[in-house]
Amino acid sequence: MMAVRRPTQKATPQGEEERLLVQAAQNDPAKFDALYELHFERVYYFLARRVRDRAIAEDLTSEVFHKALANLAAYEWRGAPFAAWLFRIAANALADQYKRASREQPSSGNANDPDELPDLSSPDLEAIDYHARLFRLVDRLPAVQRQVIRERFVEQRSIREIAARLNKTEGAIKQLQFRALQSLRTQMEGGHA
Amino acid sequence: MRKRSPAVQLDRAIDALLAALQPVPEAQTSPALAQLMPIARALRDLPRPDFKAALKSDLQRRTIMSEAAAPSPVPAKPPQFRRPNFPNIAPYFLVGGAPQFIDFLLSAFEGAERIRVPRPDGSIMHAEVTIGNSVVELGDANEQYPSRPMTIHLYVPDADATYARALEAGATPIYAPTDDHPSGDRWGEAKDPFGNTWYIATRRTLVSGAEGFLTVQPYLHLRNAHDMIPFVEAAFDAKATGVHKSPDGIVRHATIEIAGATFELDEASGDSQLTESYLHVYVPDTDAVYAQALAAGAEGVNPPYTAPYGDRAAGVKDPFGNTWFLATYLGAQETKP
């Protein structure tokens with residue numbers, strides 16, 4: 001019998017590790033946690049930068065991971081990163097979201113317009129990885145810097161509000177914000193999170 | 001002019017960035033600060049840590065439920081405090097026309113009547129209907145317990161077929177089952193002729209079908225739903241197994257477990273009108289839970305008593321207007337019609 005050579009992607013150490021994680025989760029769904037931790041930031045950013053609405057980005061992220069968990073048994077490893085599969089689910093969820101939004105707001109003429117739907121088939125992997133790495137680095141900042149960053153960028157609170165909440169001066173909060181951004185920049189230039 | 005510190009300059013640039021949701025022209029910042037602005041821009045999409053944790057716990061809960069639903073050679077033994085064949089937190093419907101409501105449950109949801117206690121005038125004092133693996137209870141409304149429409153989450157093997165049967169039995173369509181629901185489940189909604197809302201869903205998780213899941217889960221739409229979670233934790237030793245909040249803290253969905261059975265809640269809004277429900281829940285120790293509930297802010301409706309049908313029973317009303325019938329099965333008597 002003649003052997004058939006199939007074109008395959010060369011397995012990288014990271015790819016092999018991910019394949020094992022997927023296999024483990026397929027055998028024991030409780031191990032889906034590891035895949036979630038690995039990809040949460042990527043999927044969230046992929047969606048958040050396209051919908052520009054935190055609540056919708058959260059709903060869609062939730063939908064993507066629930067669908068991934070539900071369909072994990074049917075997932076077949078073919079050498080492509082697991083993230084590519086998640087982005088495909090995310091792109092479908094996003095397309096459905098645009099359809100829903102355009103049904104609900106047929107004449108809005110805003111970013112929900114399906115004509116403005118970005119190219120979902122080719123996610124910008126470099127930007128996604130950059131943001132995912134940055135988001136994970138925030139978790140590793142000293143506690144008070146981390147809190148300032150979250151209050152400022154997630155809760156969008158003013159320096160005055162944050163100062164009142166943390167019982168510090170406004171000047172101190174600005175310094176903490178400055179140091180946190182400097183630290184994040186240095187680490188982003190320094191390597192992987 | 002006094003030169004501003006880099007920290008102040010950076011904050012002004014971030015202010016502009018957050019207000020405009022647009023990149024700040026680099027000319028406005030020094031070269032050193034310009035290097036920090038890409039980081040600031042990227043942080044606008046930073047996810048909420050609460051959301052990440054809540055979604056993770058929701059996924060874990062699903063995993064556990066799926067595993068629990070997998071066939072097992074050894075059937076799980078029900079905890080002793082629970083009446084046999086009473087696995088869920090039962091919604092207690094008080095309606096005008098309870099006999100007709102039973103007919104509706106039988107036709108729409110393939111229910112099976114298991115207890116009916118009539119009054120001499122033909123009205124119903126108490127009845128129980130099983131739906132799937134769960135129980136709902138009902139009676140004719142009266143002055144003490146007036147009719148209140150409730151919302152129920154029904155997990156069935158085929159949402160489309162159940163939805164069609166419900167409409168045939170007289171329910172009003174709200175929307176037909178769709179795969180578009182954010183839960184990932186196939187999900188439709190109908191209102192019965194007695195004013196109750198039914199979320200008719202089929203799980204799209206690792207295990208198909210409703211076996212193993214509780215078929216019936218009460219779904220409470222509350223005002224200030226976030227306050228309900230600490231209340232049920234303190235009053236009923238409840239555990240919030242999945243809480244999904246909007247950035248401003250509004251509860252979009254939460255699943256709450258009390259002694260192994262679950263209900264769901266969210267913030268009442270236009271699509272999900274405020275509900276005040278009647279709920280029957282089995283707990284390990286009615287007397288202790290009754291005392292805890294009062295300490296947590298509930299109002300006593302019935303102090304603990306031993307009911308003739310073999311339960312230690314009590315009633316409380318929570319600060320959100322829901323009435324909870326607490327019970328501990330004493331095992332002294334079998335339930336009889």
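This is a predicted model: local features need pLDDT of at least 70, side-chain atom pairs count only at pLDDT 80 or more; totals for chains, interfaces and linings use all residues.

Trainee: What makes B:Lys56 and A:Glu37 a salt bridge?

Mentor: The closest N and O atoms of B:Lys56 and A:Glu37 are 2.9 Å apart. The cut-off is 4 Å between a Lys or Arg side-chain nitrogen and an Asp or Glu carboxyl oxygen, so the pair qualifies. Between chain A and chain B the count is 7 salt bridges. The interface also has 13 residue pairs in polar contact, both residues at pLDDT 80 or more.

Trainee: Which helix gives the largest share of the side of chain A that touches chain B?

Mentor: That's H3(A), with 12 residues. By class, this side of chain A has 24 nonpolar, 8 polar and 19 charged residues.

Trainee: How much area is buried between the chains, and what part comes from carbon and sulfur atoms?

Mentor: About 4700 Å², with carbon and sulfur atoms giving 64%. On the chain A side, A:Glu58, A:His66 and A:Phe153 lose the most area to chain B, together 14% of what that side buries.

Trainee: Now chain B: why are S2 and S14 called edge strands in the open sheet of 8 strands?

Mentor: The order is S2-S3-S4-S1-S13-S16-S15-S14, with mixed pairing. S2 (112-118) and S14 (299-306) each have a single partner strand, so one side of each lacks a neighbour in the sheet.

Methods. Residues are numbered from 1 along each chain as its sequence is written. Chains are lettered from A and ligands numbered from 1 in the order in which they are written. Side-chain values use heavy atoms; hydrogens and water are left out. Buried area is the accessible area (1.4 Å probe) that two parts lose on being put together, summed over both. A polar contact is a pair of N or O atoms within 3.5 Å; within protein, one must be able to donate a hydrogen and the other to accept it, and residues adjacent in sequence count only if both atoms are side-chain atoms. Helices (H or I, at least four residues) and strands (E, at least two) are DSSP runs, numbered from the N terminus. Ala, Val, Leu, Ile, Met, Phe, Trp, Tyr, Cys and Pro count as nonpolar, Asp, Glu, Lys and Arg as charged, and the others, Gly among them, as polar. Two strands pair if DSSP finds at least two bridges between them.
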